[in-house]
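Hi,

Here is the structure I promised to pass on. Could you have a look at it, and then read my notes below?

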Amino acid sequence: MKDITEAKRYISNAKEILREKAIKEGGSYKDRKYVRMAGHTAYSGVLVALDSVLGDKKKKTRKSVEWYQKELSVVDKKVLSYFLDAYDILHLSMSYDGVLNAAVSKEGLEVAEKIINWAEQKTQA
């Protein structure tokens with residue numbers, strides 16, 4: 001449960017970064033640096049939540065996207081789809097490309113929250 005609280009905190013921090021630092025003007029953010037920071041923060045929250053469900057089966061090295069895909073394909077295909085969306089939006093579009101479109105960021109954060117809510121239900125069961 002501690003991991004889920006931590007994951008939610010990451011999402012809250014990402015929203016705060018977008019709101020207070022990236023500064024939304026119309027349908028876009030003004031500062032790419034903070035969009036990147038928010039994307040990285042939110043994606044980290046997703047990984048924390050997934051690790052709380054999937055465990056630390058691979059301790060010696062950093063887990064790859066492929067590892068998460070493989071594990072989720074066995075556990076829940078719908079969440080796998082959410083994870084792939086989160087990877088594309090939060091990690092690639094926001095963290096690397098710094099896409100300024102606010103709708104993209106909103107969608108990424110919504111997907112992250114779906115994953116975290118799923119992880120919360122799994123850890124309570």
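A word on how the elements are named before we start: helices are DSSP runs of H or I with at least four residues, strands are runs of E with at least two, and both are numbered from the N terminus. Please keep in mind that this is a predicted model.

**Overall picture**

The protein has 5 helices and 2 strands, arranged along the sequence as α-β-β-α-α-α-α. Its C-alpha atoms occupy a box of roughly 40 × 25 × 25 Å along the principal axes. The radius of gyration is 14 Å, which agrees with the value near 14 Å that a compact globule of 125 residues would have. Of the 125 residues, 40% are buried. Taking contacts between residues at least 6 apart in sequence, 66% join residues at least 24 apart.

At its start, a side-chain oxygen of Asp 76 comes to within 3.0 Å of the backbone nitrogen of Lys 78. Just after the helix, Gly 98 adopts a positive phi of about 65 degrees.

Which residues have the most contacts inside the largest nonpolar core? They are Leu 18, Leu 50, Leu 72, Phe 83, Leu 90 and Ile 115, in a core of 38 residues. Each of α1, α2, α3, α4 and α5 supplies at least two residues of this core, and the largest share, 10 residues, comes from α2.

Leaving out residues up to four places away in sequence, Phe 83 touches Tyr 43, Val 46, Leu 47, Leu 50, Val 65, Tyr 68, Gln 69, Leu 72 and Ile 115.

**Aromatic residues**

Phe 83 also belongs to an aromatic cluster, together with Tyr 43, Trp 67, Tyr 68 and Tyr 87. The count of aromatic pairs comes to 4. One of them joins Trp 67 and Tyr 68 edge-to-face, with 5.1 Å between the centres and 85 degrees between the planes. Trp 67 and Tyr 68 are both buried.

The side chain of Thr 41 reaches the backbone oxygen of Met 37 at 2.8 Å. Beyond residues up to four places away in sequence, Thr 41 touches Tyr 10, Asn 13, Ala 14 and Ile 17.

**Salt bridges**

- Glu 113 and Lys 15 meet through their side chains at 2.5 Å, N to O. This pair links distant parts of the chain, with Glu 113 in helix α5 and Lys 15 in helix α1, 98 residues apart. Glu 113 is partly exposed, at 28% relative accessibility, and Lys 15 is partly exposed as well, at 32%.
- Lys 63 and Asp 51 form a salt bridge whose closest N and O atoms are 3.0 Å apart. Lys 63 sits in the loop between α2 and α3 and Asp 51 in helix α2, so the pair ties together parts 12 residues apart in sequence. Lys 63 counts as buried at 16% relative accessibility, whereas Asp 51 counts as partly exposed at 22%.
- Glu 110 and Lys 106 form a salt bridge with 3.8 Å between the closest N and O atoms. Both lie in helix α5; they are 4 residues apart, so about one helical turn separates them. Glu 110 is partly exposed with a relative accessible area of 32%, and Lys 106 is exposed with 54%.

If you want a place to begin, I would open the model at Phe 83, one of the residues with the most contacts inside the largest nonpolar core.

Best wishes

Key:
Residues numbered from 1 in each chain as written. Predicted model: local features only at pLDDT ≥ 70, side-chain atom pairs only at ≥ 80, totals over all residues. Heavy atoms only, no water. Polar contact = N/O pair within 3.5 Å; in protein donor to acceptor, adjacent residues only side chain to side chain. Phe/Tyr/Trp six-rings, centres within 6.5 Å; stacked < 30°, edge-to-face > 60°. Buried < 20%, exposed > 50% of the residue type's maximum accessible area, 1.4 Å probe, protein only. Salt bridge = Lys/Arg side-chain N within 4 Å of Asp/Glu carboxyl O. Contact = heavy atoms within 4.5 Å. Core = buried A, V, L, I, M, F, W, Y, C linked by side-chain atoms within 4.5 Å. Rg over C-alpha atoms; globule rule 2.2 N^0.38 Å.
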